[in-house]
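Hi everyone, thanks for having me. I'd like to talk about aromatic rings today, so let's get the picture up on the screen.

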Amino acid sequence: LALGQAIGRIGCFLGGCCYGMPCAWGVAYPEGSLPYSVYEGVPLFPVQLVEACVLSLLFGVCLAVPFRRRWWAYLVGVSAIRLGLDFFRGDLPTCAGLSPQQLVAVGVLVALGVIGVRNAGQRLSRRPRRYGCGRLAASRVCV
């Protein structure tokens, strides 16, 4: 998912959506694009490219994390990325100073924190693998 999102963010950059706020060293979009119609050629922070790079790093982190914990690492990582980088976007409405995506990210981080605290101290018990024989039990051919 992280790698797919990174590739998608490059598409956002090329399409001109999800653009950043004005900055001195940013990217100027061509005439006729959505960012140009809003900011009239002012250089904008390339938030899509920064997010693509960070999501690529998150992909690497998820590969390094044990398989059963990857979903946790992905959700924490993508929520933290969204929470941090949306402050640099210039196309989002805000509610209480946060974008709707940031509010969802905060909700996900709070939920993961509650789950983590609830499960603190509990080790995931490794259940013994049970192989079922089903109908074949009478013939002693079990899988």
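Okay, let's start with Phe-45. Is Phe-45 buried or exposed? Its relative accessibility is 14%, so Phe-45 counts as buried, because the cut-off for buried is under 20%. Keep in mind that this is a predicted model.

Now, who is the partner? Phe-45 forms an aromatic pair with Phe-88. Their ring centres are 5.2 Å apart, with 35 degrees between the planes, and that pair is tilted. Look at where the two sit along the chain. Phe-45 is in the loop between H2 and helix H3 (47–64), while Phe-88 is in the loop between helix H4 (70–85) and helix H5 (100–118). They're 43 residues apart, so this pair links distant parts of the chain. Phe-88 itself is partly exposed, at a relative accessible area of 42%.

How many aromatic pairs does a search of the whole structure find? Five. Let me show you one of them, Tyr-19 with Tyr-39. Their ring centres are 6.0 Å apart and the planes are at 85 degrees, so we call this pair edge-to-face, because angles over 60 degrees count that way. This one also links distant parts of the chain, 20 residues apart: Tyr-19 is in the loop between helix H1 (2–15) and strand E1 (22–27), and Tyr-39 is in helix H2 (residues 34–39). Tyr-19 is buried, at 5% relative accessibility, whereas Tyr-39 is partly exposed, at 23% relative accessible area.

That's it from me, thanks!

Methods. Residues are numbered from 1 along each chain as its sequence is written. This is a predicted model: local features need pLDDT of at least 70, side-chain atom pairs count only at pLDDT 80 or more; totals for chains, interfaces and linings use all residues. Side-chain values use heavy atoms; hydrogens and water are left out. Rings of Phe, Tyr and Trp (its six-membered ring) pair if their centres lie within 6.5 Å; planes under 30 degrees apart count as stacked, over 60 as edge-to-face and the rest as tilted. Helices (H or I, at least four residues) and strands (E, at least two) are DSSP runs, numbered from the N terminus. Buried means under 20% relative accessible area, exposed over 50%, partly exposed in between (1.4 Å probe, protein chains only).
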